[in-house]
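Work through the exercises below with the structure open beside you. Try each task before reading its solution.

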Amino acid sequence: MYDVIIRGGDIVDGTGAPRRRADLGIRDGRIATIGDLTGAEAVQDVDATGRAVTPGFVDVHTHFDAQVFWDTTLSPSPLHGVTTVLAGNCGFTIAPLSADPGDGAYLKRMLARVEGMPLESLETGVPWGTWTAFGEYLDHVDNTLSINAGFMVGHSAIRRVVMGDDSTSREATPEELAAMERLLHDSLAAGGLGFSSSWARTHNDADGHMVPSRYASRDELIALAAVAGQHEGTSLELIPCVGPFEDWALELMSDMSATARRPLNWNVMAVTAKNLDECLEKLRAGDHARSRGGKVVALTVPMSFGVRLSLDSGFILDALPGWEHFVSLPRTEKLDILSDPERRRRLDEQAQQDGPLRMMANWGRMILFDTVAPENEAFRGRTVAEVADELGVSPWDALCQVVVADDLRTSFGTPNPDESDADWAARLQVWRDRRALIGASDAGAHLDLLASFNYATIMLDQAVRRRGLLPLEEAVHLITQRPAELYGLRERGRLAEGWWADVVVLDEHAIGSDPVAMRYDLPGGSGRLYAEAQGIDHVFCNGVEIVRHGGFTPARPGTVLRSGRDTADPALD
């Protein structure tokens with residue numbers, strides 16, 4: 001007797017091999033049989049006739065560290081076929097903590113600033129004070145989730161615990177670095193999947209300082225990478241900089257990887273036909289690392305998307321000249337300013353000053369994606385310029401009128417760019433390069449700014465179904481076995497007898513993402529961008545159905561992946 005039999009589907013096993021028609025039997029959370037199960041009995045029978053049966057998708061760059069407490073489904077990722085996620089990236093984690101409540105207060109404000117998580121959700125949705133050690137955090141999360149989740153150990157959290165306020169003012173002393181090394185050792189021994197950090201210029205905290213990891217010396221980064229290399233089944237993740245790589249970035253990533261004897265992945269590469277040469281130039285980091293005995297892999301997001309802005313969170317808009325103070329104000333004070341013609345005029349004057357983001361203050365070209373107030377319903381989907389003409393006011397005044405009526409909950413921004421066959425062909429060239437990997441969804445972060453949690457269904461829809469650029473077998477390989485191998489995941493990322501039963505049943509002729517829209521379901525009432533999927537019939541995690549015909553089941557069979565137990569040392573070839 002099997003727990004589940006998935007009958008009559010095309011097995012696309014994740015290796016890239018040609019599909020084959022077979023049944024798949026699941027017992028005790030694992031794949032027991034792939035073959036002819038005619039006459040065999042099961043507690044649950046799934047008819048997969050005309051469907052592809054694939055491994056669950058593996059998303060290696062998420063920020064679900066806080067969402068695990070208020071949304072144990074980790075939605076909407078599983079609706080799009082994801083069964084395993086890696087969180088704790090960019091050095092931004094909420095563990096370990098010290099007994100000083102100021103550390104938690106700092107980290108939640110930092111996350112709100114750099115990762116676009118509403119502060120009120122972080123304050124009310126996370127049980128701060130119930131853990132200090134990294135292992136205690138993992139214990140809190142284990143056996144509560146719909147899918148599997150592994151967590152990196154974040155550099156900024158470690159620095160904050162050891163150095164307190166000084167973590168955002170100076171380099172560490174030898175004694176402080178030794179304390180960080182001990183804390184990282186303890187966190188990895190408890191199951192952390194590796195070490196993550198950032199030197200990106202865009203990463204600044206709520207007080208206007210660089211985040212703690214940006215104050216670290218090169219020697220500190222390499223020393224902490226070396227600690228990761230002393231624990232089985234760990235990896236490295238880093239954002240070295242934004243923009244073209246200088247030689248120091250190649251040297252740093254290569255030396256971190258070679259010292260640890262672990263692969264290092266960096267974030268993020270968005271590929272188009274126009275920037276393909278620049279992207280290929282960045283992939284030289286992989287060659288440089290290989291020459292040192294290391295491995296450096298670029299994460300690439302497989303589609304383009306517009307940016308959605310909000311005057312509630314103000315993320316990105318706080319980089320406009322003079323706007324940093326405005327964005328940090330409470331909602332009521334923002335509403336007062338936007339309701340006052342003279343004060344909002346001065347705010348716009350500041351935004352129109354010369355600067356690298358002045359284009360973001362071209363209010364007329366913005367599209368109103370989501371509105372809330374009934375009187376704004378007719379404006380949804382239109383440009384601000386069109387609304388301004390109808391109201392007989394300037395685009396900025398029109399936007400303020402809509403936003404005030406919506407209590408700041410308006411979602412507006414730039415449209416999704418038109419994508420050519422040449423853009424997708426350029427991406428395919430990068431996907432097939434061993435120095436790059438599909439990932440970088442940022443799921444769980446930038447909740448009202450961007451939506452790339454649906455990267456897998458969009459990639460399968462656009463690259464496979466609509467454009468026919470690659471076969472389904474290869475596409476599935478790129479989002480299952482390849483990312484699983486990067487992190488050394490044991491017995492995941494493929495459909496094979498004896499391996500964990502993380503399985504997706506999908507309709508390759510209907511696969512895709514629903515349109516993205518705001519959903520106001522976060523703790524404290526804040527909103528997030530959300531989309532369901534088409535063509536995902538069933539999703540199983542560890543042998544238990546978690547998604548059925550587009551909806552979640554009550555099951556929570558996911559496990560917290562721990563280094564060594566659930567991962568082996570990743571290959572460097």
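**Salt bridges: exercises**

Arginine 218 and aspartate 255 join their side chains in a salt bridge, 2.4 Å from N to O; the term means a side-chain nitrogen of Lys or Arg within 4 Å of a carboxyl oxygen of Asp or Glu. This pair links distant parts of the chain, 37 residues apart: arginine 218 lies in helix 7 (residues 218–228) and aspartate 255 in helix 8 (residues 247–260). Helices are DSSP runs of H or I with at least four residues, numbered from the N terminus.

The model is predicted: local features need pLDDT of at least 70, side-chain atom pairs count only at pLDDT 80 or more, and totals for chains, interfaces and linings use all residues. Residues are numbered from 1 along each chain as its sequence is written, and side-chain values use heavy atoms, leaving out hydrogens and water.

**Exercise 1.** Decide whether arginine 218 and aspartate 255 are buried, partly exposed or exposed.

*Solution.*
- Step 1: buried means under 20% relative accessible area, exposed over 50%, and partly exposed in between (1.4 Å probe, protein chains only).
- Step 2: arginine 218 has 33%, so the residue is partly exposed.
- Step 3: aspartate 255 has 17%, so the residue is buried.

**Exercise 2.** Describe the salt bridge between aspartate 103 and arginine 160.

*Solution.*
- Step 1: the closest N and O atoms are 2.8 Å apart.
- Step 2: aspartate 103 is in helix 2 (residues 101–114) and arginine 160 in helix 5 (residues 155–163), 57 residues apart.
- Step 3: aspartate 103 is buried at 4%, and arginine 160 is buried at 8%.

Terms used: Helix = DSSP H or I, 4+ residues; strand = E, 2+ residues; numbered from the N terminus.
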